Protein chains: 2
Amino acid sequence: MIIDFLADYYRDVEKYPVLSQVEPGYLQKRLPKSTPHNPEPIETILQDVQEHIVAGLTHWQSPNFFAYFQCTSSMAGFLGEMLSTGFNVVGFSWIASPAATELETIVVDWLGEILELPKSFLFSGNGGGVLQGTTCEAVLCTIVAARDQMLSQIGRENLLKLVVYASDQTHSAIQKAAQIAGIHPKNFRAIKTSKSTSYALSPDSLRAQIRKVVEAGLVPLFLCATVGTTPTAAIDPLDKLCAVAKEYGMWVHVDAAYAGSACICPEFRHFIHGVEDANSFSLNAHKVVLNHFGLLLPLDNLRSFMRNHVKMANLFEGLVAKDKRFEIVVSRKFAMVCFRILPSALSDKVHKNDKLDIVSEEDANEANRKLLEFINMSGRVFMTHAVVEGVCVIRFAVGATL
Amino acid sequence: MIIDFLADYYRDVEKYPVLSQVEPGYLQKRLPKSTPHNPEPIETILQDVQEHIVAGLTHWQSPNFFAYFQCTSSMAGFLGEMLSTGFNVVGFSWIASPAATELETIVVDWLGEILELPKSFLFSGNGGGVLQGTTCEAVLCTIVAARDQMLSQIGRENLLKLVVYASDQTHSAIQKAAQIAGIHPKNFRAIKTSKSTSYALSPDSLRAQIRKVVEAGLVPLFLCATVGTTPTAAIDPLDKLCAVAKEYGMWVHVDAAYAGSACICPEFRHFIHGVEDANSFSLNAHKVVLNHFGLLLPLDNLRSFMRNHVKMANLFEGLVAKDKRFEIVVSRKFAMVCFRILPSALSDKVHKNDKLDIVSEEDANEANRKLLEFINMSGRVFMTHAVVEGVCVIRFAVGATL
């Protein structure tokens, strides 16, 4: 019955507004005030789910979903999840579930091999990885490891001197992880990037920042380099950044949450060139590789799945580029296009009405926000925005499964 | 097909050795060396799962599983999980999934109301709770909150002076959380408990420890009190501990991971008496309440489910108590029995063989370990052990769903 329900959901998903149209607090008004004392038939429950839950969903699996980065799913992933839920084991130690522990080890090594990570990153090379709940957890683990390694050398009393670096394009999860780990909030340093490097972190900027910090008597601890930033999918140059970090004995973590999965295709692998000099690496398999059970999908299918998304993003980019009113803000590398209405386009329009000719960046931002809101409120497509160097851009991320 | 597979699994689960009998590294030998390039039919995959995965499972859902604390499941939980997997939404903000965000809020409040938590712990009273992945995450959140609140008053340079308390019966997750949060490892203090208080933390011991710390110029920050410890299900006296902590401006977190769920029955509610003076509270709903989707089960069913477990544990306790060779080490309060073979029982046996008459506690520990190993290797039952005050006890935790 649930399977039929879900089959109907997927059949109809395009009919629902992709961005939920409910008002905050809507569900409170519809559900009982306290836990029901008596059971209800499954038919009634599914009717409630259809009426009250589906209405409040933003449909991540809709083909009209182009927001954030996708959370892909697949039939293989769904079936794997069912098996895992059915067995309902808790693998907190080997003996508590040998199969879960060993399968994780093996599959994580497979993933590392597909990505051509250095042998030292794999279990088979005395390294190894684990599945974490989120990138934030992965980064927290590595910051804590780096912190305790450093403090064991320089003494725990120096905790408040440790400095964590990232670019200003880095996901806020890194800053959060640093804060949880007890890094002084002033010692999380987001280094400025600019359009000149396509919002990639410049090794020279990093070096300049580190020098300042060392002069001030602080200790550079950690750099988070990103392959595929959230705002614009920018790619930090791993090899050069690692070289600078190495000079100062710093730990480099590579956050490839979005673009890491693309590197399973040989033509994208060069984007993580230099990872062999980093200390740790994380990616969100669910963003592109159809979740970890999806790894059980054959590699060739995964690669062509990836390539299709990039092709579609390329097509969209071409269409936008043809229209002179729009600008592709950052050149596309993966399956995300960052674009906006140009101030000049607005200026023309305003001019025709015989008003002010010059449109400020702020007015352009406002116009782009309004356009995005208008698009999203239509319920037909859902995209999100980002602000880079004060400029509001619309992000169109391709990655739906359907 | 997966449903049929799982139905067969549950039908046969009692036939499998409940504790997996595989050797470490078994799966590596059976799986391919790298990711398969081409797809395989589902029948082949399920055959592989049956042969290679099921053999390596420790069967948490088996009725013969009495180890750790159970991870209960239910049909309602399974169906809820299927729906959730099917929708595959990511609820990291309200707009990303209004239904997920609001359902969590509502259901967590329901749970708080069933437990008769003070209004200030609920969203409806300007408090609120969230679903976390593990107790360790919940405790990490509260330690970080307590830490940053305290440091905002006394200055961040005092981070290394902060002290976190728990009893020596507390789960290691608390120590781990303190370490992640940057608390000086020396400043995590596990306070000794003894059989005289049934391994509950004594408020006098806490006060004595705090005084020492304050005299040494350190700052008492945080106490984790436990309701239902992992080794023996001991219950720390919340009201008295909170009173002591309050005098020193400390944060009290109540970890009710195991026994908290039992408190949905009015006759057990008194075990969390005093929670209204604590700062935060966590429990593992999956341990007893059939996971969070299980909350959608009617309350009366949940309560009778709980009571049945306690009744069965009571029955087992009676049987063990009748046999003079065994000792009930700590009197049972919930659905877990802690017992062991007495040294005296072994002594009789040894005496008959005309050898040494006195059996040391160490020999008794060894005998209990051997007994447990023998039981577990039979594959018929799985229990775990705990060491309290140097004494090895066998834990028999009732909680299976079947």
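A:Ala233 is buried, with a relative accessible area of 6%; buried means under 20% and exposed over 50% relative accessible area, with partly exposed in between (1.4 Å probe, protein chains only). The model is predicted, so local features need pLDDT of at least 70 and side-chain atom pairs count only at pLDDT 80 or more, whereas totals for chains, interfaces and linings use all residues. Residues are numbered from 1 along each chain as its sequence is written, chains are lettered from A and ligands numbered from 1 in the order in which they are written, and side-chain values use heavy atoms, leaving out hydrogens and water.

Helices (H or I, at least four residues) and strands (E, at least two) are DSSP runs numbered from the N terminus.

In chain B, strand 6 (residues 326–330) and strand 7 (residues 336–341) pair in the antiparallel sense over four bridges; pairing requires at least two bridges found by DSSP. Five residues separate these strands of chain B in a hairpin, and B:Val330 stands opposite B:Cys338 in strand 7 of chain B.

A:Glu373 lies in helix 14 (residues 361–377) of chain A and is exposed, with a relative accessible area of 53%.
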